[in-house]
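Thank you all for coming. Let me put the model on the screen, and then I will go through its salt bridges and its sheet.

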Amino acid sequence: MEVVGRTAAGRRVLGYVPQGGYATMAVVSDRHLVALPQGVGAGEALAVLVQGLTAWHLLRSVARIRPGESVVVHAAAGGTGSLAVQLAREFGAGRIIATASSAQKRALALELGADAAIDGDAGGYRERVLDANHGRPADIVLDAIGGPVLDAALDTLGPLGRLVTYGASSRQTASAIAPSRLAVDSITVAGFWVVPLIARNGTAGAELAQLLDLTARGRLRPLVGAEYDLARARDAHEDLLGRRTKGKLVLRP
């Protein structure tokens, strides 16, 4: 749904296309079109639109992060997770704990600014998170995995802790949550999906402008992965489903 190109007048722009942008030309409404600042590459711009806005709103609008709070980011080497790690640091998080499935991905999360990186598997999850947070419960957990991992993450939250779910890549169902369990420690479980928010507010707002500015100044490093010719879109999808990629994939017409 994200496209980068030039207008008929030659202006370099980033656009959001709800109907899909797999084309050599696209029609983009003004409310979904922003000029690209110098120094922001095409792949970087594509990475910060949907995934960057998702990470921004997870932390600011839903979790309402406060300076000094601890943040656990699941799938921290992925497109949204890698940006969430960096934005948590930008927004003043006290300690950032990343989870990822391999040593290579955990090393990347540390390079991006996480204070600790651990295996995200559900088995032993609570003990690993508490150990990484110096024995203290977490303030915020950002979860795109769901299932048993979400169940385990609930047990790591302290008083007034917030868990935000925005995906279920495990394709497993989490356990039902009793309201009384949340009330004991005043825990919040919230959900988020950026697409309806974009449909309502557009993309040409202060949030995306901030993300692009941080990128242009080198304070935000969107991960850009492989590039494919448009005719190889199927290969891109198969690589994505096979978990053979990292960062934002780019199709070139």
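How many residues apart in helix H9 are Glu238 and Arg234? They are four residues apart in that helix, which covers residues 233–241, so about one helical turn separates them. Before I go on, this is a predicted model, in which local features need pLDDT of at least 70 and side-chain atom pairs count only at pLDDT 80 or more, while totals for chains, interfaces and linings use all residues. Residues are numbered from 1 along each chain as its sequence is written, and side-chain values use heavy atoms, with hydrogens and water left out.

Glu238 and Arg234 meet through their side chains in a salt bridge at 3.0 Å, N to O, the term meaning a side-chain nitrogen of Lys or Arg within 4 Å of a carboxyl oxygen of Asp or Glu. Arg234 is exposed at 64% relative accessibility, whereas Glu238, at 37%, is partly exposed (buried is under 20% relative accessible area, exposed over 50%, partly exposed in between, with a 1.4 Å probe and protein chains only).

The whole structure holds eleven salt bridges, including one between Arg181 and Asp155, whose closest N and O atoms are 2.5 Å apart. Arg181 lies in helix H6 and Asp155 in the loop between helix H5 and S8, so this pair ties together parts that are 26 residues apart in sequence. Helices (H or I, at least four residues) and strands (E, at least two) are DSSP runs, numbered from the N terminus.

Turning to the sheet, six strands form an open, parallel arrangement in the order S6-S5-S4-S7-S8-S9, where two strands pair if DSSP finds at least two bridges between them. Strands S6 and S9 stand at the edges with a single partner strand each, so one side of each is left without a neighbour in the sheet.
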